[in-house]
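Please open the model in your viewer and keep a selection panel at hand.

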Amino acid sequence: MGQQCAGFSRYATEVPSVREQLAERMAVIEEQNLADDNDALQGLGAHPNAVCAKPKTVSLALSEVQWTDMTDLVKIYISKPAVVAAAEQAGALLVDFGPSSVKMEVAENGITYVLDLNPLCDSIEPDFCSSKTVKGKRVTLTLKKARSEPWSQLMATKPGTRTTPGPTATERMSVIATAPLVVTSSSPRVDAIPEEVQ
């Protein structure tokens, strides 16, 4: 039993030492990787003091975009100058249209701008959606609605919920027009109502 305790105490004193050695080795590897990256940058003509940095991601807020609802389409406009400038570069703009989502990514100079709209107010048809960059002005995302109903907002308030209104005004009017006529005793000219209604 004494040997077990002695073995345990030896193990307990060696573990921190191993951890320290591992941490030191990881730091050396990290420095070497950074040095290799900087050498590669200098080989590409970068400034000698340039340091590789992790790419930065900037999420665009819903307040930074404008949108308009049309009968069959929803158009989203992004006018932020840095995003527009980055999107003008060939291959920099990536847009993924899903059945109820849109994700746009545009990268330039180590910064990736992301607009992630999920879930949208209602469903869209991804195969019929598109993106376009108007040089120096804006990026336009055109969404083809799955149903031609008006959108009161761009995004759903909760995942999995639809926020489009119920029946349109035209649909409500058709329901009213086909509703049976109800006559009460206070209705004027009761004697003028056709027999099939009485």
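Select the open sheet of four strands, whose order is S1-S6-S5-S4 and whose pairing is mixed. Strands here are DSSP runs of E with at least two residues, helices are runs of H or I with at least four residues, and both are numbered from the N terminus; two strands pair if DSSP finds at least two bridges between them. Strands of a sheet pair through backbone hydrogen bonds, either parallel or antiparallel. At the edges stand S1 and strand S4 (93-98), each of which pairs on one side only. From one strand to the next, the twist averages 15° (axes are lines fitted to C-alpha atoms, and angles run from 0 to 180 degrees between N-to-C directions).

Next, display S1 together with S6: the two pair in the parallel sense over four bridges. To locate one partner pair, pick Thr 57, whose bridge partner in S6 is Thr 112.

A note on the basis of the tour: this is a predicted model, in which local features need pLDDT of at least 70 and side-chain atom pairs count only at pLDDT 80 or more, while totals for chains, interfaces and linings use all residues. Residues are numbered from 1 along each chain as its sequence is written, and side-chain values use heavy atoms, with hydrogens and water left out.

Now turn to the salt bridges, of which the structure holds five; the term denotes a side-chain nitrogen of Lys or Arg within 4 Å of a carboxyl oxygen of Asp or Glu.

Select Lys 80 and Glu 64, which form a salt bridge with the closest N and O atoms 3.1 Å apart. Lys 80 lies in the loop between strand S3 (73-78) and helix H2 (81-87), and Glu 64 in the loop between strand S1 (56-59) and strand S2 (65-69), so the pair ties together parts 16 residues apart in sequence.

Move to Asp 69 and Lys 145, whose side chains meet in a salt bridge at 2.4 Å, N to O. This pair links distant parts of the chain, with Asp 69 in strand S2 and Lys 145 in the loop between strand S8 (138-144) and helix H3 (169-178), 76 residues apart. Which of these two residues is buried, and which is partly exposed? Lys 145 is buried at 2% relative accessibility, whereas Asp 69 is partly exposed at 27% (buried means under 20% relative accessible area, exposed over 50%, partly exposed in between, with a 1.4 Å probe and protein chains only).

Finally, select Asp 122, Arg 147 and Glu 149, which are linked in a network of salt bridges. Between Arg 147 and Asp 122, the closest N and O atoms are 2.6 Å apart.
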